[in-house]
Amino acid sequence: MRQFSQLLDGLVYTRSRNGKLDLIAAYMREAPDPDRGWALAALTGNLDLKAVKSSAIQEMIRARVDPVLFEMSRDYVGDLAETVALLWPKRDDQPPEIDDGSLSLSAVIERLHGVSRAAAPQALAQMMDHLDSSGRFALLKLATGGLRVGISARLAKTGFAQAFRLDVDDVEQVWHALSPPYAALFDWAEGRSGRPDPEGTPYFRPFMLAHPLEAESVDLTDYAAEWKWDGIRIQIVGTGRETRLYSRAGDDISGSFPEIAEAFSGHAVLDGELLVRGDVQGGEAASFNALQQRLGRKAVTGKMMADYPAFVRLYDLLIEGDEDLRPLAWAQRRARLEAFAPTLDPTRFDLSQVIEADSFEALADIRAGARDAAIEGVMLKRRDSPYVAGRKAALWYKWKRDPLTADCVMMYAQRGHGKRSSFYSDYTFGCWTEDGELLPVGKAYSGFTDEELKWLDRFVRQNTVARFGPVREVEKTLVLEVAFDSIHDSKRHKSGLAMRFPRIARIRKDKPAHEADTVEGLKKLVS
Amino acid sequence: MPHWIEPHPTGIYVRPADAWIDPSLPQERALVTHGHADHARGGHGHVWATRETLAIMALRYGTASGTAVGYGEEVRMGGVTIRYVPAGHVLGSAQIVLGHAGERVVVTGDYKRRPDPTCLPFEPIPCDIFVTEATFGLPVFRHPDTGSEMDRLLAALHTHPDRCVLVGAYALGKAQRVICELRARGHHDPIYIHGAMERMCALYQDFGIDMGELRPATGVPAREMRGHIVVSPPSALNDRWSRRLPDPITAMASGWMRVRQRARQKNVELPLVISDHADWEELTDTIREVAPTETWITHGREEALLHWCMTHQIRARALALVGREDEDEG
């Protein structure tokens, strides 16, 4: 267990992505079987254990520690699992900070698998007596479901791939053919057997991605134009028996959108944009803001599904039945998609329309005139291009709507992370209310050059008026031109506004703060 | 009639001696347990403290008017006998043992029970009233063995020969202890130190504590510090100062590092649980050992220790002292 608990600790404290990958890769190379397979399952969220309730954990600790001291400790530490892990006194005065090595991760998993709800507290307590505080923390996180060490399934798989010099997309392809503790996967990775056969399983195919359009124009005889919808890119994989939904990162999000997965029973792989319908939009696609209400939720309630009904706007057909369409030209795939789409439930699936324009100028006019809340811009796809993984030059372009901008005043600054940990690089900015007060309207930590960052950092340090822990309040004198993709109503912020992807476009040293924009002015931009 | 020892928010007043222990406001007569800023302040009329503490105070505040009291030496002041006994906290740290009217009172100042190569170990003195700190007065605080923490530090250093390990450590006590512990584990490479701790390290060396080769981290090319340990005050960890270092691994030596979120908030990648204060078990064991009729708890998480005393039939009260506890000291 110690190897695994040390890995988790490392992942908690390591900030950089590469650092995390190195830790995962080293673990995957060094840990014994089948521990490392179970660890991979835990890190990718594929460990299917009956979660132990937090009340059971509280019952367990109260049996060993004065409940008053436990409550005081919990108030101080915050997290239940961590409090109990730190507090745990072992039986018979055994040294609490020694992992006696008698429990392997596999043994822990096996025990958790077999245990009934009633017996869980006692089983946990017995295991806790063999572990150190890191091990106890890991055990409690496993038992309560959800490690929360800040890594995605994709990152864990990337670390695994790195350990054995595999391509992560190759790993993705075979992934769903396998189940924990992934013996066949490790056999393949270490050359003991051939590649596992993913046939018949709903596995993820890498997405085709676009470059931003930088050229002045493209020839529309070569490129087709489509709207770029502002939802989340999604892949629907159906085997006829089972359907899964994948995010762009390859994470399985079927559980968050069960109504989509249930509405699809075909044998095909489709690429599309997941959106929700909004009342304001007359049942049409709503803004990203509405979709956000449904993201990042493990369990979805009936009310969520009714308030924010999801659907998929289809872009492409990758596989139909047993036929892989990806080598075909876009135009051919589009024809197949147009024939396929009408066979689907129209409340859950529709076709992303191709934009007809006689010339690039005409397309530019159409793009400029688009006011739909859910439109992020225009996609340009080469008509003769196959569907290929990743971002390949000159095949697909995204031509986003020009960003909106506002002149805002810097109010607070906070230090960044990693390489930026000594720089004040996260800025909260505000606009003026009618009463002449500044109200925060957003926060940005990108868009500036390294030189500008140095300048901003100096500005913050020289103009600090108050400190609140890591946050500095600054003199309200600096105007920042902030660019953002869109702006929405938000109940979370005092200003009632939330920007999508705000970034610093320019530092307006020339502009006096009182000439910055107003909250009222920003509200007019809400989509 | 009030007791001859009176707790006040600004310190502990010893009435028959007309003297204050660790007063937070300037007083005519001050008995000081050790040199940390929340116990030793400038501006007192006359200070009684160990020779080491007086030297530390002179370095920090330029106060010179003091009487050095050796460990074990007895001073009489208005019918009170006063003795300074090692507290094991930092160089020169002392518990103040007061005797009057047939009663013995021990004021610990800050203390720990672990070995520390830079100071004498804590001596438990049985007493009637035990005035204890409670910085880590919660049972979640259990400091691990110092050696294993040092091993983790050295392992990080050796796995990343192209980087340096930057250790945040309080400039008085923790920094010197970490350096000495490293030397004791056979690490004899030069250690680079932040400018703010140079004079304190020199003071320790003047008192005969050997810290091996120390070099200033200022004015040195980053390249030279690769594969080396750099020690700075915690406040410099994420500050502009650290930009001069070669891709540092940020470590911090503090008892607070036991709580994950605490370490993460400070951007610490390598938390080292090394404390100059007693952990929960040391606090409760010490109270049992000195077996006082009454325990007074000065600062920290006093509620939990108070509760523990009550459940163990030990009379106890919490004193609300102001201005105590600089977290960086943990």
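Is Asp92(A) buried or exposed? In this predicted model, in which local features need pLDDT of at least 70, side-chain atom pairs count only at pLDDT 80 or more, and totals for chains, interfaces and linings use all residues, Asp92(A) is exposed, with 5 other C-beta atoms within 10 Å. Residues are numbered from 1 along each chain as its sequence is written, while chains are lettered from A and ligands numbered from 1 in the order in which they are written. A residue counts as buried if 20 or more other C-beta atoms, placed from the backbone, lie within 10 Å of its own, as exposed if 12 or fewer do, and as partly exposed in between.

Asp92(A) has a positive phi, near 55°, and is not a glycine. Its place is the loop between α6 (80-87) and α7 (105-114) of chain A; helices (H or I, at least four residues) and strands (E, at least two) are DSSP runs numbered from the N terminus. In chain B, Gln313(B), also not a glycine, has a positive phi of about 55°. Gln313(B) lies in the loop between α7 (302-311) and β19 (315-318) of chain B and is exposed, with 6 other C-beta atoms within 10 Å.

Cis peptide bonds occur in chain A between Asp33(A) and Pro34(A), with omega near -5°, and between Pro180(A) and Pro181(A), with omega about 0°. Pro34(A) is in the loop between α2 (17-30) and α3 (35-43), and Pro181(A) in that between α11 (168-175) and α12 (183-189).

In helix α16 (residues 330-340) of chain A, Trp330(A), Arg333(A), Arg334(A) and Leu337(A) are buried. The buried residues of α16(A) fall within an arc of 105° seen down the helix axis, so they line one face of the helix; the arc is that of the directions from the axis to the C-beta atoms.
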